[in-house]
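Hello,

Here is the structure I promised to pass on to you. Please open it first, and then read the notes below alongside it.

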Amino acid sequence: MVVADTGDIDAIARWKPQDATTNPSLLLAAAQDPRYRHLVDGASQRAAGDAEALMEELFVAFGCEILKHIAGRVSTEVDARLSFDREGTLRKARRLVRRYETAGVGRDRVLIKVASTWEGIRAAEQLEREGIHCNLTLLFSFAQAVACADAGVTLISPFVGRIYDWHRAARKVEDIPLAEDPGVASVTRIYRYYKKFGYATQVMGASFRKTGQIVELAGCDLLTIAPDLLEQLARAAGEVPRRLSVADAQAQPLERVPLDEAAYRWLHNDDAMAVEKLSDGIRRFHADAQKLAQFVGSLAPAGRRVA
Ligand code: E4P
């Protein structure tokens with residue numbers, strides 16, 4: 001199933017995907033686009049000078065607008081500063097869901113995106129009990145994937161492209177062939193593990209750098225794809241054969257990986273790429289969220305400037 005990975009609402013209207021995903025970097029780009037200035041202005045008015053409310057209203061405004069064009073769910077990310085703060089994540093997720101509900105959108109149409117840290121996974125476990133569905137993002141290691149499934153989260157977003165970026169830089173090569181692509185291999189491994197052991201958590205491959213990575217993962221529960229790659233896929237001729245299937249996964253000789261907190265931390269820490277990319281991803285989303293706050297703050301009417 002195809003998901004649009006963008007804050008560009010016109011692109012979503014054009015592609016009509018099932019679901020859509022946003023993140024602070026995508027919303028920074030969208031909020032600066034004059035086509036969506038009315039959403040920024042509306043959020044500013046509703047926030048009435050409250051800096052925290054302004055960011056929430058903005059994220060929810062884009063989410064609600066996106067939902068007008070899709071039948072499924074939109075993903076809205078919590079503040080990256082809360083990545084190691086279980087209680088803070090719970091509070092923020094509940095606030096976002098309340099704002100969606102005030103706007104007439106039920107929690108069944110929203111996925112709250114939380115970084116796949118130990119604390120984020122524990123927060124998501126609690127949110128799922130409250131009927132708040134979560135998309136665990138910035139997922140790079142097998143340990144993160146196992147912990148998310150054990151926590152019963154609705155969906156995970158294992159990143160393909162950023163894994164590929166890391167290995168390309170480490171190996172100092174221009175490209176890594178698809179057959180050896182470590183991002184593709186990561187999602188394949190997670191998908192097989194989930195299906196083999198009957199986990200309900202959905203696997204949504206994310207962060208693609210080239211269409212071949214998407215094609216290699218055909219059959220995955222969901223794939224979230226940026227509009228430029230959707231265009232390239234649409235232009236390409238031919239059928240895309242299924243690569244991942246439940247039957248194939250169930251035939252794999254896999255062992256269960258039991259993970260308590262110590263084992264999770266050990267296994268995750270053992271994967272240098274995942275440790276670096278998770279930290280880097282949190283820093284980048286935080287930096288873009290700050291830029292976004294500054295941008296919308298600079299537009300707020302005088303006397304209502306936000307920090
Ligand atoms: C989607 O959920 C992710 O935030 C997105 O795919 C990340 O993509 P990037 O690695 O291109 O930023």
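This is a predicted model: local features need pLDDT of at least 70, side-chain atom pairs count only at pLDDT 80 or more; totals for chains, interfaces and linings use all residues.

**Around the ligand**

An N or O atom in the side chain of R209 lies 2.9 Å from an oxygen atom of the ligand. I count such a pair as a polar contact, meaning N or O atoms within 3.5 Å; within protein, one must be able to donate a hydrogen and the other to accept it, and residues adjacent in sequence count only if both atoms are side-chain atoms. For R162, a polar side-chain atom is 2.7 Å from a ligand oxygen, and for D5 the distance from a side-chain N or O atom to an oxygen atom of the ligand is 2.5 Å.

Residues are numbered from 1 along each chain as its sequence is written, and side-chain values use heavy atoms, with hydrogens and water left out.

**Strands**

Helices (H or I, at least four residues) and strands (E, at least two) are DSSP runs numbered from the N terminus. Strands β6 (residues 155-158) and β7 (residues 202-205) pair in the parallel sense over two bridges; pairing requires at least two DSSP bridges. Here I156 has V203 of β7 as its bridge partner. β7 also runs parallel to β8 (residues 222-225), joined by two bridges, and M204 is partnered with L222 in β8. Together β7, helix α10 (residues 211-216) and β8 form a right-handed β-α-β unit: with the strands pointing away from the viewer, the path from the first strand over the helix to the second runs clockwise.

On a 1 Å grid over the protein atoms alone, a cavity is a set of points where a 1.4 Å probe fits but cannot get out; a pocket is an open set with protein on both sides within 12 Å along at least five of seven lines, and lining residues have an atom within 4 Å of a point. Grid points are joined across faces, edges and corners, and a volume is the space filled by probe spheres set on the points.

How many cavities of 30 Å³ or more does the whole structure have? The search finds two. The largest holds about 60 Å³, and its lining includes D79, V114, L138 and F285. β4 (110-115), β5 (134-139) and α14 (272-299) each give at least two residues to that lining. The second largest cavity has a volume of about 30 Å³; among its lining residues are T21, R73 and M204. Strand β2 (residues 19-21) supplies the largest share of this lining, three residues.

Happy exploring!
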